Every structure is written in C-alpha cells, then in structure tokens.
Amino acid sequence: MAQELAPLVRDGVRILVLEKGPRLADEEFTGRELEMADALYQDGGAFLTRDGTMTLAFASAYGGSTVVYTGTSLPPPQRVIRAWDVPGLDHGDLTRRSAKYAEQNNVHPLDDRLINDNNRLFVEGGRKAGYLVEQFPVNVKGCRGSSLCNLGCPNQAKQGTNRVQLPRAERAGVEVVTRAEVLRIEPDRTLRVRVSQKAAGTKGAPSEWEAGDYQVQARIVVAAAGAIGTSALLLRSPLPAPRSLGHGFTCHPALILVAEHPHPITNDVGHPKSYFVDHAESEGFVLETCMYFPFVTAKSLTGFGPAHSAIMQAFPRLQMILILACDHAAPGNRITVNRAGNPVVYYRFMPETIKGLVRGTRAAARIFFAAGARRVHAPADPTLLEAAEAGRLEERITARHFQPGMLGVSAAHLMGGCGMGRSAADSVTDAWGRVHGLPWLRVADASLFPDALEINPYLTIMGLADRVAEAVRRDARDLLGSGPHVATAGA
Amino acid sequence: MTPSVFRAVATCVVPEAGGLDAAQWDEMAAIVARAVAARPRALQRQLALFFTLLEWLPLLRYGRRLSRLDAGRRARVLDRLQRAPVLLLRRGFWGVRTLILMGYYGRPAAAAAIGYRADPRGWEARR
C-alpha cells in the first residue's frame, strides 16, 4: 500500500504510515522461541478467542504478519473469488496484481537441495497415499534453512513487506512511525494516535516520534491493521460504519499433527513449509508441511503426561503436518471491541469446520504411515496410534475427540470483518476497499475478504491492497483538493 | 497459585519436571509468572480461581487435596478435567496445561534435552 501510494509524494502529498508494532534491527532476530514470540506477536502469538477455545497468531511489528509467516505465496483460487461474488472484483485482475508482488518479492519454488526430510516424507507419503502433493512457491532470497520463519527470519532471507515494500516506500519519501497506535478515527478525519515509549529490556528501536498522544489530520485514511486490528479500529471510531462491520470473521482453524519415525530426520533445519495437499473444495481441509518449536509443539499436542512426553522426547524423529480447516463466514463469528476498545473475537466451531479437521487429521495420519512413521499422535483415545492401526483411522479418529477446549487449535489466517460487497446492506466496503458512505476511508488488508480464501492469503492480500492503492491514486485529486495534505496508510 | 499446587500439576503434565532442581523450578516459574502478568486482570483472576479449584476439587472424591494425592490419582483428576462436559472446566485445564508446557519447554535447556537443534545458521550449522 505504502509503496504504491509513494508516487503521490512527488506531487507534494505527505504520506504517513502509523504502525503499532516496533521496528526490529536485523541482529535482534535471534530465533529464540519465547523471546521472539513476545517481541513480534500480539499476546505472544496466543490471542485468545472470547470462549478461550482457540488462539490467534498475528504479528505487531514493522511489516506486520509478513515478518512471521513462512513466505508461502499462492495466487488467489478462481473458485473462491467467483464464490465471493463481489461486483467489480475480477479473478484475472487480482491474479495479475498478485503476480506483480510475486515477482517483486522473489517468489519461487525452493531448490530441491534445500528440501529437508520432513518435507520429503510428506511428498513421498502423500503420493503413496494417493494425494496430489504440490510445492509452495516461497518468497525467500538466500534462505539458509534456519527453519525459524515463524519467529522472524534471523537471516533476513524472507522477502516480506518489511524487507521490500516498506523500505522502498520510505526511500520514496513515505514516513513510517512505529509504536504508533491509532486509537480512533474521528468523523472529521482526525486520527487520535498514541505513540508508546520503548519499554526497558524489550526489542526494537524507539519510535520515530516522541512518546505521547497526537492528533493527525488526514484527507484520506487507509486502514491496514489486519482483520482484527482494522475491524477493531473502525468499531471504536465514531463513524457511520455499515452494520456488518466486524462480521464474517474466518480464520482456517489449524491443528498440528506429529508422527514419530524410527530414525532421526532433518526437521528443525531447512525451510519448514515447502509442500501442501489442497482438499479444500472436496473435503474442507488443506494439509501443509510445518515444523514448530518446542513449546508450540508441546501445547499443540493433545493430552499430557507420559504419552505426551514420549512424543516430545522423540523430537529429532518427528514429522509434522499442519491441518487447516476451511471454515466459512457464520452468524456470530465476529470481531467486536470491549469497553476499553480492545478487540474481542467471537468464534464458534461450526459442524462442517470440525468435520474438516477430522477428515484432515485422518488424511495426515494416512500420509504419516505411508511415509513410514511408526506412530502418530492425534486427538484420539489413546492419543498414540500405532502403525498397526493404520487401517482403523476412521474408527480411531472421530469428531468426539475434537470438542472445543479439548485440543490446541490455533489460527494465523485471520480474514473478514470489513468484507467487500455491493452496498452497506451486505458489506463494509466496495471492491476497491472504499468504506460504503465514507469515500475518504479505505481498507487494505485481509479484513476485506467476504469469506475464507481456503488457501494461504498473503498474495491475495497484496493483490487487493494494490487495487485499493490504485483507487486512492485515482481519487486523490478529488479527496485531497489542491496543495499538500496528509494521507495515512496503515493503522 | 501456591508452589505446591503448581508443582503437583506440573509434574503430572510433564513427568520430567520431577527431576528439575530448585534453580530450574525458579526458571520455569518465572516464565509462567511473566506470561500471566502480560494477560488481562480478569484472566489472571480466573486462573488463580482455577488453581484453587484444582487443589480442592479432589477432596470430594479422594478426601485429599490435589497436592497430597499420589501421581496416579492426580493424573486421573486432570484427565477428568480435560474431558469434562463443561467447557469452562476443559478450557481452564487447557490454560493451566499451556502455561506449564510454556514454563517447561520454553527453557533452552529443555529444548536441548529433547534434541531440538534449530540454529539461525541453518544447514551450515549441521555440516
């Protein structure tokens, strides 16, 4: 967004990016689990839904969640974009725009020499079990295989917006202010902003501005704080926003499944997420290779005690698969704010979402066993499934073991809340991110999704933001009038 | 939460925690305390209440507090909670279990003990 608005700087327009999170120096990315989770994620990566049955992981840093994802970059699926049925949103156009960022961010399939055993076993097992296994294009340059993508790449190999688009925007004259939280947007387009002090012992540079409260007068405001951040910001702003604001939240609830092999494998070295199996349309799930850190792995496994410990002790022999359920916008699943203005996410697991997780778990178990695993740890009773039980997966893995609150479900693909659509009666924005009834207010992030994307959303978000930027440039003359003015991107 | 209840639950969730020395328990407790302190007050109160419930609930069935039960009975109490029909109880146990796992596996020594070897140098560190 900031990069695409940067040409306006030459016309005398002042562009300001207000980023809530800190700006970390390269050497601050240590790869240490708790330290980096605290530094980069909101609530350490464990933002709880209202009923406490799922954690949501999203970053709060210069570059947003592109700092902490694995770099997987897929174009938007035609089937899903058509099903969204947003007037004016064309799949071909979105794909072309996404391709532009795929090129800018060096998206490509990893060289075979860099693929580790954890990923190879997924390919072998998946093919033996009859699944179509596809390779993820990833946005890395000079990947050393630290496996630490989700803690921020310690080698600056991942080409997220913190490495590519934001630095370019800054070089072109866009101002970025970190540790600057937009508290609310007033109807007269004044932003109430609070700049925080860097706390002692924490990572990141101090803010570019002195700590304190500010009022920023803007002519155009673009909210790009992610599904939760943007929805919460608009909800606590005294604006005549459409009624559906905050609704339509989806998140691809995910489960981590592990299996133990007889021999050590390379798993905590190499890019962690290189392959996937897409059964979103037919069975409501996507399987992806993954590799997590000790605490995240431990909390994601069901149960406790000796069986749980036994699998943790087998860490060098563990293969991991991430199961993403393709949920859909449902009444009641929404983002709200509490009295203090903080976001609260209501999420109830729909029966189809649970079915997606169950079917995905069975499929992952089939792949594990086909790859030679001797046992699989899954939500079942008992939790360890031995290879001899490979033929009894339907019987052993059932929905009764997938009750909310019984298993460690987390989500990192947070979507919706400011969905695109026809009018204020059915949506928050139009197909160009314009909030209905407020032409000066735009949205440019995953909150625009009217429903789940059913695949990793990074490139689709970039493509949509590109459209929003084009519309802002087009409307700039009318909205800014003559002379220098402030446009604000990000929140 | 009192240290005796915390240890009683922790050694049930991660049996290896029984082998930690005083300094390692302190390290684990400090990680948990920091995580709890970062949470909203209401959640902190709920957590404290749940630890109290955990300690006293077994009195009804076994006539003893959780911290006075043998390991087998402690495990059975916790297992019932994780399968409880009431979401509030399942959620409470899930939260306590998560904190304990964070305290235990969040220590670099525990990560090394299970063979976790991720290194920023990646492949180069394995050659």
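## A partly exposed aspartate and its partner

B:Asp79 is partly exposed, with a relative accessible area of 25% (partly exposed lies between buried, under 20% relative accessible area, and exposed, over 50%, using a 1.4 Å probe and protein chains only). Its side chain meets that of B:Arg83 in a salt bridge, 3.0 Å from N to O. Here a salt bridge is a side-chain nitrogen of Lys or Arg within 4 Å of a carboxyl oxygen of Asp or Glu.

This is a predicted model, in which local features need pLDDT of at least 70 and side-chain atom pairs count only at pLDDT 80 or more, while totals for chains, interfaces and linings use all residues. Residues are numbered from 1 along each chain as its sequence is written, chains are lettered from A in the order in which they are written, and side-chain values use heavy atoms, leaving out hydrogens and water.

## Salt bridges within chain A

Let's turn to chain A. A:Lys203 and A:Glu35 form a salt bridge at 2.8 Å, N to O. The two residues are 168 residues apart, with A:Glu35 in helix H2 (helices are DSSP runs of H or I, at least four residues, numbered from the N terminus). A:Lys203 is buried at 17% relative accessible area, whereas A:Glu35 is partly exposed at 28%.

## Where the chains meet

How many residues of chain A are in contact with chain B? There are 51, and they touch 39 residues of chain B, contact meaning heavy atoms within 4.5 Å. Between the two chains the count is 5 salt bridges. B:Arg126 forms a salt bridge with A:Asp268, their closest N and O atoms being 2.6 Å apart.
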